[in-house]
Amino acid sequence: MNDLYNLFVTQLRRTYNGERELVRTFSLLAKRARSEKLKDAFLNHLEETKRHVNRLETLFGSLKEEPHGAACTTTKALADEAEALYRENADDTSVDAALIAGGQKIEHYQIATYGCLQQWARTLALHSVDDTLHEILEEEKAADRKLSQLAVEGLNQSAVAGKHSMSLFH
């Protein structure tokens, strides 16, 4: 075993535990979203996140490693931040904008994490692992783009205007 492999496995464990935390978080964000489109985006990414957990479990099996250990304190902190953004804006027309911000902070961290993991897997010549991590990375990028799209399509503007665009809610 080399140091990069050990670093890779430790970070993969943190990522796995973070994804498990995000199953709960995306479920809560979906419940709190006022816009049906935002709710759907969170629910879709919730299902992807569940698949990420399963794919990571498969990766651990292929590496003959256990997924246990190494909690992801950053994901927990970002989930707490998303919750705080919601609580601070729950009675406000900006609640969906706040939920998008919380979700995007999580996505940006995951994009950075999966990007590093994929490069390490490539360096370690773990080709099937590299491919799986690349697929997950692309899904995280797509989730971030979807949240940006919803913000630009009107949820941020609705927060400024103090009202919700009916087209975003139905």
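Is C116 buried or partly exposed? C116 counts as partly exposed, at 39% relative accessibility, where buried means under 20% relative accessible area, exposed over 50% and partly exposed in between (1.4 Å probe, protein chains only). This is a predicted model, in which local features need pLDDT of at least 70 and side-chain atom pairs count only at pLDDT 80 or more, while totals for chains, interfaces and linings use all residues. Residues are numbered from 1 along each chain as its sequence is written, and side-chain values use heavy atoms, with hydrogens and water left out.

If a disulfide is a pair of cysteine sulfur atoms within 2.5 Å, the count comes to zero. C72 is in no disulfide, the nearest cysteine sulfur being that of C116, 12 Å away; C72 is buried, with a relative accessible area of 10%.

A nonpolar core is a set of buried Ala, Val, Leu, Ile, Met, Phe, Trp, Tyr and Cys residues joined through side-chain atoms within 4.5 Å. The largest has 21 residues, of which F26, L38, F42, L99 and I100 touch the most other members. Apart from this core lies another, of 20 residues, among them A121, V129, L133 and L137. Leaving aside neighbours within four places in sequence, L38 is in contact (heavy atoms within 4.5 Å) with residues including D96, L99, I100 and L147.

The lining of the largest pocket includes F26, F42, H45, E107 and K146, and by class this lining has six nonpolar, two polar and four charged residues, with Asp, Glu, Lys and Arg counted as charged, Ala, Val, Leu, Ile, Met, Phe, Trp, Tyr, Cys and Pro as nonpolar, and the others, Gly among them, as polar. A pocket here is an open set of points on a 1 Å grid over the protein atoms alone, where a 1.4 Å probe fits, with protein on both sides within 12 Å along at least five of seven lines, and lining residues have an atom within 4 Å of a point.
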